[in-house]
Number of protein chains: 2
Amino acid sequence: MNWEESMDAQGESAQADLRVFSDAEVLGMETALSAARQGVRGANPLVGAVIIDADGTVLAIGHHRGAGTPHAELDVINRLLGTGVKRDLSAATIIVNLEPCNHQGRTAPCTQAIINAGIGNVIFAIHDPHAPAAGGAKTLRREGINVRFGLMEKESQDLNRQWFVAVAAGRPFVTARLAQTVDSRIAAADGTSAWITSAQSRQDSHTLRARVDAIVVGTGTIISDNPRLTARAADGSEADHQPLRVVMGLREVAPDAAVRHQNGPGFVQLKTHDPATVLAELYKRGVGHLMIEGGSKINAAFLAAGLVDELVVYLAPTLLGTGMPALNDLGISTLAHAQRWEWDGTTTGPVERLGPDLKLTLMPARVPAVPSAESD
Amino acid sequence: MNWEESMDAQGESAQADLRVFSDAEVLGMETALSAARQGVRGANPLVGAVIIDADGTVLAIGHHRGAGTPHAELDVINRLLGTGVKRDLSAATIIVNLEPCNHQGRTAPCTQAIINAGIGNVIFAIHDPHAPAAGGAKTLRREGINVRFGLMEKESQDLNRQWFVAVAAGRPFVTARLAQTVDSRIAAADGTSAWITSAQSRQDSHTLRARVDAIVVGTGTIISDNPRLTARAADGSEADHQPLRVVMGLREVAPDAAVRHQNGPGFVQLKTHDPATVLAELYKRGVGHLMIEGGSKINAAFLAAGLVDELVVYLAPTLLGTGMPALNDLGISTLAHAQRWEWDGTTTGPVERLGPDLKLTLMPARVPAVPSAESD
């Protein structure tokens, strides 16, 4: 935050109070947050936007659908103007759970879209902590738009808390994907693992691949499975967006390994076992969303380091008893130190049925639970 | 099946065809099956019953709620007579997915309830394979009631297929309960396990305990956890119905072990490692529903032997990495031999939220899935 923004924030601090917002504005922010939850987690935060008129009537609701698609502000403006009704929006208010962005990324700045639409009032929950996108409030005020913020700040912070963690750390948002049996095995005793989960789960996994900027696996997975790490449709055709294919570890990736010879943004091997080093290097290369696809050692290394923001578990209704566990040592020796997560999932909820399997989505828990002490 | 029943079945075989049932009767059986699914699995099968009048109007719907509660036929009759309207039911039809029972168990024979209500017609899906309860059709006909069967036989067989397996084998219906982390650990590396799952999950587990006739654990669990194995309410008070407390294994159960000193039908140690021996012995003692509460070795022994009819998994949103796995060796070395299950769950569906945890319910799969061979 630079000096001017800091003054900006101070000048507005008296307004960062629920009492200065009308019931219609509070309801508008609640609606924006609900709309935000219809999006997908990743490089971008979950953002929803609502436009209300002077008497509080909701004119349109929009949300962001993931990196590369219109931001929530543009989405809601498009929906409103898409109705074909030309109207004076100088008395209208756009309500959004994050400060409108101020930079040209894959999409145009939201501030410009708001100015072009002639919307007279902006309410947002929290400032954008992402330096290149910040400064939206200042730009809007300079155009004579009335800007207020601080409404439902806590809920908005909470909704995207792992995204804020990643932004603050200057690293990609990290999704770890496990495809396991009910007893958490990812391969049988003899190493067979094709396939633990159903065709539907694998297709969903390819949809995830098409959404992320990079996928990382260990050298062990390359040697045992020789994966292509591309995003493909059910008919085998490649998705438009392909991830960077990353292998971490010291062992040599064979010249004829499939991972080397695919379309898309390319292949890179990072000769390290340290997850933080991998994240720093990939962030420098512009990776905003990384997916970890195993095996056990890589999964455990990122989880043990607290560097996973989202955990996707494809759970097949099968049992193996023995075989390769999904995870390896997390450095946890006693139950009180167990990693606490909570069920998450936006568009589809935390449990989705995929053919015979379940897809479970989790995010790190807010507050560690305190174990009770009664006897059984 | 004795000679008379066999003749009975043959004489009716021409009617075991959908074409001899009216649309209203087919719809009635579909409704009965839906109602049946509102029950709980265990010593008794899932049964629903519907009464329709001569023009096909549904007069009442009922179902069985688990061992010790009224059977579906009595439930639906009680619901109809409970309305206070006295009516001639000689033209009415009761439709039920299992042959009305013919014996005095914990409840009066259903045949007698139907006769007493003056219902003139009975349609059921399949004969009761349980010898002491069989012969209902003959008893009803002797009273001049018109009896037909074979309607939606396949669906009715499928709904209770594991119950039919248990009855045919002359053994209890077996529920295995796992309380585990997402990575399928039931204790941390240092042995701590109180508590993996939430208070809500543990309370649900006590509800299960109050429903079964017996609980079995291994001697290892007795030594490490010293459980009481009683069914208790959240306030610690004991449920009205308590299970028989069973320990299997060769190691001595200490004279002061908690499991020896509780109210209820008592404690027994079976000095064997063989699940089939345990089931045979408990069936002789009148156990119709057994719950397995671990540890890993006991869980795996029953599962490896194919002697689990229902699997209940309390899944805590936590990770441990290492520690005691929920299961042990199932004798499976390659993925093609993985045990196939499917999501089940009647009243609440296969996935239930219990506080921070999920409760997953599974039953053995009907048909083994064929693994596909594409590459990843």
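**The interface of chain A and chain B**

Visitor: In the strand pairing that joins β13(A) to strand β15 (residues 339–343) of chain B, how do the strands run?

Guide: In this predicted model, local features need pLDDT of at least 70 and side-chain atom pairs count only at pLDDT 80 or more, while totals for chains, interfaces and linings use all residues. Residues are numbered from 1 along each chain as its sequence is written, chains are lettered from A in the order in which they are written, and side-chain values use heavy atoms, without hydrogens and water. Strands are DSSP runs (E, at least two residues) numbered from the N terminus, and two of them pair if DSSP finds at least two bridges between them. Here 2 bridges join β13(A) to β15(B), and the strands run antiparallel.

Visitor: Which residue of β15(B) does A:Leu319 stand opposite?

Guide: β13 (318–319) is among the elements that give two or more residues to the side of chain A that touches chain B. Within the pairing of β13(A) with β15 of chain B, the residue opposite A:Leu319 is B:Gln339.

Visitor: How many residues of chain B are in contact with chain A?

Guide: Contact means heavy atoms within 4.5 Å. By that criterion, 58 residues of chain A meet residues of chain B, and the number on the side of chain B is 59.

Visitor: What relation do the two chains have?

Guide: Superposed by least squares on C-alpha atoms of residues with pLDDT of at least 70 in both copies, chain A is laid on chain B with an RMSD of 0.0 Å by a turn of 180° and a shift of 0.0 Å along the axis. That is the relation of a two-fold axis.

Technical notes: Helices (H or I, at least four residues) and strands (E, at least two) are DSSP runs, numbered from the N terminus.
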